[in-house]
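Biologist: Before I plan around this protein, I would like to go through the model with you. Could you put it up?

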Amino acid sequence: MAILNIITEEDPTLRKTSRRVDEITPRIIRLLDDMRDTMHKAQGVGLAAVQVGVLRRVVLIEVEEGKTIELINPEIIEASGKQNEIEGCLSLPHKWGVTDRPMKVTVRAMDRNGEIFEMTGEGLLARAFCHEIDHLDGKLFTDNAIEMVDESELS
Ligand code: NI
């Protein structure tokens with residue numbers, strides 16, 4: 001396993017669309033494992049493959065310590081409610097903004113065994129689903145931030 005380099009805003013790769021994963025290969029498994037190490041090292045709650053320069057539809061989320069959620073080809077199939085909370089991104093260090101997100105989100109994705117599953121999240125998890133899936137389409141949270149928040153204002 002390895003710690004991968006997380007690319008930042010200046011890198012145009014972040015604006016590209018990631019390709020679907022058709023088959024779980026040893027390479028995809030290694031990507032998932034390396035992304036997990038990388039996310040833990042960076043103390044992030046989410047990481048999309050594009051952020052380590054790999055244009056595949058692969059996302060990791062960990063809003064609860066030790067419980068890593070792996071999503072391959074994730075799609076939002078249901079969204080409801082609304083939340084306006086502060087968001088950040090490992091690729092945009094020191095940037096924070098209030099975003100407009102649904103409060104409750106259901107995703108459908110594939111796991112590392114090739115099984116399709118559905119998962120519903122509320123609050124932070126719903127936000128993370130939206131944020132990470134946006135990455136797969138080249139979008140950053142600053143695109144739909146209602147307002148940016150200065151880092152010094154955060155406790
Ligand atoms: Ni991000």
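This is a predicted model: local features need pLDDT of at least 70, side-chain atom pairs count only at pLDDT 80 or more; totals for chains, interfaces and linings use all residues.

Biologist: Is N73 buried or exposed?

Modeller: N73 is found in strand β3, which covers residues 67–80. Buried means under 20% relative accessible area. The relative accessibility of N73 is 6%, so N73 counts as buried.

Biologist: Which residue has a backbone nitrogen that the side chain of N73 reaches at 2.8 Å?

Modeller: Leaving aside residues up to four places away in sequence, N73 touches R20, V21, R57, R108, A109 and M110. A polar contact needs a pair of N or O atoms within 3.5 Å. At 2.8 Å from the side chain of N73 lies the backbone nitrogen of V21.

Biologist: Which strands stand at the edges of the open sheet of 3 strands, and why?

Modeller: The order in this sheet is β4-β5-β8, and the pairing is antiparallel. A strand with a single partner has one side left without a neighbour in the sheet, so the edges are β4 (86–87) and β8 (145–149).

Biologist: Which residue is the bridge partner of V98 in β8?

Modeller: Strand β5 spans residues 96–99 and pairs with β8 in the antiparallel sense, over 4 bridges. In β8, V98 is bridged to E147.

Biologist: Which element gives the largest share of the lining of the largest pocket?

Modeller: The largest pocket has a volume of about 350 Å³. Its lining counts 21 residues, and the closest to the pocket centre are V45, G88, C89, L90 and W96. At least two lining residues come from each of β4 and α2 (124–136). The largest share is 5 residues, supplied by α2.

Biologist: How many residues in the lining of the largest pocket are charged?

Modeller: The lining of the largest pocket can be split by class. There are 9 nonpolar and 7 polar residues, and the charged ones number 5.

Biologist: How many polar residues are in the lining of the second largest pocket?

Modeller: The second largest pocket holds about 240 Å³ of space. Its lining is made up of L4, T25, R27, I28, R30, L31, D34, V54 and R56. By class, 4 of these are nonpolar and 4 are charged, while the number of polar residues is 1.

Methods: Residues are numbered from 1 along each chain as its sequence is written. Side-chain values use heavy atoms; hydrogens and water are left out. Buried means under 20% relative accessible area, exposed over 50%, partly exposed in between (1.4 Å probe, protein chains only). A polar contact is a pair of N or O atoms within 3.5 Å; within protein, one must be able to donate a hydrogen and the other to accept it, and residues adjacent in sequence count only if both atoms are side-chain atoms. Contact means heavy atoms within 4.5 Å. Two strands pair if DSSP finds at least two bridges between them. On a 1 Å grid over the protein atoms alone, a cavity is a set of points where a 1.4 Å probe fits but cannot get out, and a pocket is an open set with protein on both sides within 12 Å along at least five of seven lines; lining residues have an atom within 4 Å of a point. Grid points are joined across faces, edges and corners, and a volume is the space filled by probe spheres set on the points. Ala, Val, Leu, Ile, Met, Phe, Trp, Tyr, Cys and Pro count as nonpolar, Asp, Glu, Lys and Arg as charged, and the others, Gly among them, as polar.
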